[in-house]
Amino acid sequence: MGAGPGGSSAAYHCAAAGLQVLLLDKASFPRDKICGDGLTPRAVAELVRMGVPIREQDGWIRNTGLRVLGGGHVIELPWPELSSYPSFGLARSRMSLDHLLVEHARAAGAKVAERTNVTGPLIDERTGRVIGVQARPVDDNGRRAGEPVTYRAPVVIAADGVSARLATGMGLEKRQDRPMGVAVRTYFRTPRHDDPMMESHLELWDGKPGESDLMPGYGWIFSLGDGTANVGLGSVSSTAAATKVDYKDLFAKWMANAPAEWEFTEEHQVGPVRGAALPMGFNRGPLYGKGLMLVGDAAGMVSPFNGEGIAYALQAGRVAADAITQSLARNTAAGRERALATYGTRMKDDLGGYYTLGRVFVKLIEHPQVMHLCTRYGLPRPLLMKFVHKLLADCYEPHGGDWADRVIAGLARMAPAA
């Protein structure tokens, strides 16, 4: 359930393997989703695996790297040339991206039920196993529009976002010792709409930089190539405890000091400032158990390093589909369970150590003063920034590569995948 990137990826890969798939979502598409709208090369690689058209004439804008501002410095970091990932990122609004992925899954053979709100898991009373979901039709405003319905399936994939309704229905609560981010964003019509680089502001000031107060969080500007840019800010805490930051007020103060030529003003704003939580670092699990797989935000798969979630949701959908497909080739229930359990093992093996490093990183930079020192003295050092860029963007060669790739891969392997 859930037709965001994770759910649509799983549905596509399952359907492409010849399985019968039903993709459920409470919304009707296209629909908006709060996000930065930027895709790293890791996410692009997943789209390529799915056969999604990514040409500029298909509605994408490519970006060549990341521009970082902080500590009085500006540095441009091109995406690295790697064998594992392409050397460019992409940007596209979630309104358009999610609709595209849903239709891509549908074209592969998946059945899609929109305006269908899943209300909870269907559980076998004898085994405690999830054997389907309970749902009800809703209208475009989320109001009941029909009688409850039950859907049965041998495996259920919960890609229902930060609410994780199915997981909580199974008693799988989020971990309080995992990082939690918060992000707000809006759109502006701006001359910067075709900037070839994604831009990250590591410091946010409520006045002139260096002469005013440093505010918590970081900001971004992601150009969409259609006359608009996605502009937002986020902050992260090393635990799931709620913060008392007024993020919309913080955003307004940042925009009040933006250069006039960017036209980040009320008359050029497109839509309201909206916010969302970012569950990070595998904050809910197990990733598979009793017939239920958790994918994307439902499992807290957002990176603690950069707030990226789309790449990991797409990856999780692919790995989940592979585990399900393999399980159906087993002759016994025990064999099928062993195959299904490989989903959690593969995801933890690939990302667990990296997310553990991310939790350490968050504890260091969640304080604005620490971030200020890091940007002031770190940004001017090219070798250090090359390493940091690959680490933060999760854009490194996992096997081989240069010194930076080998160091990051080594650290990720040594870190416990808790």
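**Nonpolar packing and salt bridges**

Trp 403 counts as partly exposed, at 37% relative accessibility (buried is under 20% relative accessible area, exposed over 50%, partly exposed in between; 1.4 Å probe, protein chains only). This is a predicted model, in which local features need pLDDT of at least 70, side-chain atom pairs count only at pLDDT 80 or more, and totals for chains, interfaces and linings use all residues. Residues are numbered from 1 along each chain as its sequence is written, and side-chain values use heavy atoms, with hydrogens and water left out.

**Nonpolar core**
- The largest nonpolar core has 101 residues, of which Leu 47, Met 293, Met 301, Tyr 343 and Met 347 touch the most other members (a core is a set of buried Ala, Val, Leu, Ile, Met, Phe, Trp, Tyr and Cys residues joined through side-chain atoms within 4.5 Å).
- Helix α6 (residues 310-327) supplies the largest share of this core, 10 residues (helices, H or I of at least four residues, and strands, E of at least two, are DSSP runs numbered from the N terminus).

**Salt bridges**
- The structure holds 26 salt bridges (a side-chain nitrogen of Lys or Arg within 4 Å of a carboxyl oxygen of Asp or Glu).
- Arg 318 and Glu 46 form one through their side chains, at 2.7 Å from N to O.
- This pair links distant parts of the chain, 272 residues apart, with Arg 318 in helix α6 and Glu 46 in helix α2 (residues 41-50).
- Glu 46 is buried, with a relative accessible area of 4%.
- A network of salt bridges links Arg 67, Glu 76, Arg 192, Asp 195 and Glu 199.
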